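Q: Please take one part of this model and go through it closely, covering where it sits and what it touches. Keep it plain, and state the cut-offs as you go.

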Amino acid sequence: MSRAGAVAEERGGNAAVHHELDAPPWRRFESTLMATSRLIRRAYDWRLKDIDLNLSEACLLAYVVEHGPLTQTQVAERIGMGRAPAGTIVDSLSKRGLLVRLPDATDRRVWLLSATEAGLALAAEISDVEAKLRVELRSGLSRPERQQLARTLVRIQENLANVLLDESEPAAVAQRGS
């Protein structure tokens with residue numbers, strides 16, 4: 001498609017973009033992926049506000065309910081969150097009576113996170129919210145389409161992990177040389 005066709009589409013015309021390189025920068029694959037991710041987060045935050053949680057809080061609590069008791073570091077690593085942000089969320093959920101810190105019998109320096117009865121009850125509500133939103137999110141997508149999308153996203157994650165690994169190697173080499 002010509003640049004004129006892309007411009008016509010931007011202005012409300014019917015021309016379709018046939019190649020992402022013909023699209024304006026905000027319509028290219030990476031931008032679309034990031035915008036979709038932000039919308040997913042906003043939708044979850046919107047639906048979870050009725051139970052006074054955001055997506056990060058819900059993920060952390062649900063993970064502890066499903067896999068706990070765990071250390072804060074283990075939870076942070078497994079849900080892809082930094083230790084400091086996880087700590088802030090753990091503090092908040094603890095103050096609300098949803099999580100407790102228990103001593104680790106094998107390491108006195110470590111605390112284990114465990115859900116309280118109130119946390120378990122709220123996790124069930126999180127599950128209900130998530131199940132309803134998942135149906136809406138997947139509307140119009142067949143199982144094969146979802147499976148292909150998942151495979152594609154996993155490949156992109158692997159590619160990005162390699163980029164980040166390559167990026168960190170010079171720093172590691174420089175640190176060893178000091």
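A: A residue is called buried when its relative accessible area is under 20%, exposed when it is over 50%, and partly exposed in between, using a 1.4 Å probe and protein chains only. On that basis, 24% of the 178 residues of the chain count as buried. This is a predicted model, in which local features need pLDDT of at least 70 and side-chain atom pairs count only at pLDDT 80 or more, while totals for chains, interfaces and linings use all residues. Residues are numbered from 1 along each chain as its sequence is written, and side-chain values use heavy atoms, with hydrogens and water left out.

Helices (H or I, at least four residues) and strands (E, at least two) are DSSP runs, numbered from the N terminus. The chain has seven helices and three strands, and along the sequence they follow the pattern α-α-α-β-α-α-β-β-α-α.

Asp 52 lies between α2 and α3. Although Asp 52 is not a glycine, its phi is positive, about 60°. Most residues other than glycine have a negative phi, and most peptide bonds are trans. Asp 52 is also exposed, with a relative accessible area of 52%.

Within α3 itself, Ser 56 is buried, because its relative accessible area is 17%. Contact here means heavy atoms within 4.5 Å. Setting aside neighbours within four places in sequence, Ser 56 contacts Arg 41, Met 81 and Ile 89.

Now the helix partners. Two packed helices are described by the angle between their axes and the distance between the axes. The axes are lines fitted to C-alpha atoms, for helices over the stretch in contact, and angles run from 0 to 180 degrees between N-to-C directions.

α3 packs against helix α5 (residues 83-95) at about 80°, with the axes 10 Å apart. The two are therefore roughly perpendicular to each other; that label covers 65 to 115 degrees, whereas angles under 35 count as roughly parallel, over 145 as roughly antiparallel, and the rest as oblique. On the α3 side the contact uses Ser 56, Glu 57, Leu 60 and Leu 61, and on the α5 side Ala 86, Ile 89, Val 90, Ser 92 and Leu 93. These residues divide into six nonpolar, two polar and one charged, where Ala, Val, Leu, Ile, Met, Phe, Trp, Tyr, Cys and Pro are nonpolar, Asp, Glu, Lys and Arg are charged, and the others, Gly among them, are polar.

The crossing is left-handed; a crossing is left-handed if the near helix is turned anticlockwise from the far one by less than a right angle, and right-handed if clockwise. Ala 58, Leu 61 and Val 65 of α3 meet Gly 119, Leu 120, Leu 122, Ala 123 and Ile 126 of α6. By class, seven of these residues are nonpolar, one is polar and none is charged.

α6 (residues 117-137) has a further partner in helix α2 (residues 29-48), at about 140° and with the axes 10 Å apart. α2 and α6 are therefore oblique to each other, and their crossing is right-handed.

The peptide bond between Gly 68 and Pro 69 is cis, with omega about -5°.

That leaves the sheet. Two strands pair if DSSP finds at least two bridges between them. The open sheet has three strands in the order β1-β3-β2, paired antiparallel. Its edge strands are β1 (70-71) and β2, each pairing on one side only. Two bridges hold β1 and β3 together in the antiparallel sense, and Leu 112 of β3 is the bridge partner of Thr 71. α3 packs on this sheet, touching β1, β2 and β3, and its direction makes about 105° with that of β3. On the other pairing, six bridges join β2 (residues 99-104) to β3 (residues 107-115), with a hairpin of two residues linking them; Leu 99 has Ala 115 of β3 as its bridge partner.
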